[in-house]
Amino acid sequence: MAAKDQKKNSLKDRDQELFADWQTLHRVFIRPEDESSKQTLIKYMEQILFGLHDFLNKHVGVTEEISLAELSKNYTEVKINAEPRKKLAEVIEDIITDIAPRAVNVASPYFIGHMTSAIPFFMVHLKAISAALNQNVIKLETSKVLSVLEKQVLAKMHCMVYGKSQAFYAKHVQNTRTALGSFTTGGTTANITALWVARNKLFPPKEGFSGIEENGFFEAMRAHDLDRVVILVSKRGHFSLRKAGGILGIGNRNVIAVDVDENRSIDLAKLQHLIQTLKKDGRTKIAALIGIAGATETGIIDPLPQLADICEQQNIHFHVDAAWGGPVLLSERYRGLLKGIERADSVTIDCHKQFYMPMTAGMVYFKDPKALDAIAYHARYVNRKGSVDLGIKTLEGSRESSSLILDAALKIMGARGYGLMIEHGIETAKAFADKIRQRPLFELVSHPVLNILTYRVVPEQIRHQLAAAGPEEQITLNAALDEININIQRIQREAGKSFVSRTRLKLHPLDENNVVVLRTVIMNPMTTPDILDEILDEQELILSTLNW
Ligand SMILES: *Cc1c(COP(=O)(O)O)cnc(C)c1O
């Protein structure tokens with residue numbers, strides 16, 4: 001803010017007698033400043049709590065395109081205001097008039113480019129209550145019933161994934177010495193947790209070595225007489241796995257990306273060959289093999305039963321990254337797609353994706369209820385040895401009671417309710433794929449196994465040229481198509497009504513080069529086939545205005 005403005009503002013503050021003293025602080029800590037402030041609050045909260053989707057459509061992401069460079073000019077203040085500047089109601093009004101319009105309307109049914117979408121309105125209520133209770137599930141002393149509730153929710157989810165016996169769950173659901181999984185802040189930390197466990201399992205204590213967690217990587221390598229530790233995943237692996245490689249000291253170069261086959265899932269022959277090569281000299285260990293259940297870019301599912309076989313034969317930790325696809329298990333119609341997941345040593349599932357929870361929450365599950373012992377930590381003031389504190393076996397420290405929200409949502413919607421949303425997404429994506437196939441200006445690139453598909457725009461003239469072109473010429477033509485698709489995606493996004501994302505993929509799984517593709521994720525239950533037609537119409541229209 002310019003110096004002049006700052007001065008004006010502080011004068012205004014004084015006029016309004018907004019200042020911090022003990023008395024006003026005390027008041028502002030427990031209630032709105034005055035009746036009018038309260039009325040403003042009620043007005044907005046009523047809209048948010050009882051008319052969420054109308055509210056979002058009316059207020060969020062409605063400003064005409066404004067560049068980030070332009071926006072950022074309004075956000076250059078670096079000094080904290082010493083005295084209060086605004087009342088609560090004014091701050092909320094500002095958020096609704098200045099921030100919301102320039103945020104992204106991820107709840108729009110036309111916003112089909114990302115894994116962040118509309119959420120059921122009651123999630124906002126649950127989130128508010130979770131914040132109000134402000135429990136910290138790191139330890140019993142700050143959460144009590146929320147800790148046992150969390151164990152119950154973890155068991156329900158574990159049962160969804162692994163379907164063990166009643167006796168198994170009776171033994172573990174409230175067992176203070178075992179853990180079926182843990183809540184995390186998202187898929188990234190869930191993947192890191194799983195691979196952290198896998199790494200530690202690989203280097204257990206032995207004579208003169210007390211384990212990798214205590215002694216570190218150098219000593220682990222020396223004690224076990226090794227040079228290298230690797231993690232295997234297909235090229236479609238999420239980049240959080242490379243972060244895990246970095247954080248865990250494995251090195252992200254050693255998170256090896258295996259080629260995909262003609263189904264765009266991990267190439268089993270190449271994988272087998274790679275494992276043989278890695279094992280040959282006995283100086284490399286494989287910390288984990290990862291199967292993807294819903295690849296971020298394509299929605300593809302790896303052949304989990306075959307990966308489970310390989311892991312069993314080779315004694316490798318089998319992790320399934322089901323951050324996206326996990327909730328498909330709640331659809332009776334499609335749960336078969338995830339067959340084999342019950343053989344995974346660990347499984348990642350995001351809450352803020354297809355469990356439709358607000359940002360941010362994820363989960364990680366382990367087949368072995370003792371697996372998380374590999375990362376147990378104790379502290380003198382919390383999480384004492386032998387306590388039931390959930391924070392003993394988590395990557396995160398202090399943590400919100402996300403289980404409260406998931407538990408309530410499951411009660412409100414039931415497995416069947418979630419199943420219906422999953423089925424809507426998959427079936428709408430299939431209908432979308434048909435539309436794309438039927439339109440001469442489009443080319444489907446990756447088919448929707450789940451609710452994600454990719455395609456590109458191909459003008460008729462270039463389509464004919466491509467059909468007749470040799471390899472060299474194809475590269476040139478594809479480069480021209482890349483340019484066209486980048487522009488269409490950008491112009492559509494800037495126009496502000498619809499949004500698809502874009503990425504680079506091989507047109508045919510076994511091609512040499514990547515091409516630019518448009519990527520869509522159909523998860524909003526309000527996205528209809530008609531809306532998808534409108535989105536394609538708009539892209540055709542944009543194409544007709546492009547000079548290429
Ligand atoms: C989204 C995603 C992740 C990362 O999850 P975050 O919640 O964004 O941290 C990991 N793996 C897959 C397959 C994902 O789709």
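**A tour from the ligand outwards**

Start at aspartate 350: one of its polar side-chain atoms lies 2.8 Å from an oxygen atom of the ligand. Taken alone, the ligand exposes 380 Å², and the protein buries 87% of that. Accessible areas here come from the Shrake-Rupley method with a 1.4 Å probe; for residues, only the protein chains shown count as cover.

This is a predicted model: local features need pLDDT of at least 70, side-chain atom pairs count only at pLDDT 80 or more, and totals for chains, interfaces and linings use all residues. Residues are numbered from 1 along each chain as its sequence is written, and side-chain values use heavy atoms, leaving out hydrogens and water.

Next, select aspartate 321. A polar side-chain atom there lies 2.6 Å from a nitrogen atom of the ligand. Then pick threonine 296, with a polar side-chain atom 3.0 Å from a ligand oxygen atom.

Now show helix H10 (residues 187-202). This helix gives the largest share of the shell around the ligand, three residues. Helices are DSSP runs (H or I, at least four residues), numbered from the N terminus.

Colour by domain. The assignment, automatic or from a database, gives domain 1 (13-105), domain 2 (135-399) and domain 3 (416-545). The C-alpha centres of domain 1 and domain 2 lie 40 Å apart.

Finish at isoleucine 99, in helix H6 (residues 88-99). Is isoleucine 99 buried or partly exposed? Isoleucine 99 counts as partly exposed because its relative accessible area is 41%, between the limits for buried (under 20%) and exposed (over 50%), with a 1.4 Å probe and protein chains only.

Technical notes
Helices (H or I, at least four residues) and strands (E, at least two) are DSSP runs, numbered from the N terminus. A polar contact is a pair of N or O atoms within 3.5 Å; within protein, one must be able to donate a hydrogen and the other to accept it, and residues adjacent in sequence count only if both atoms are side-chain atoms.
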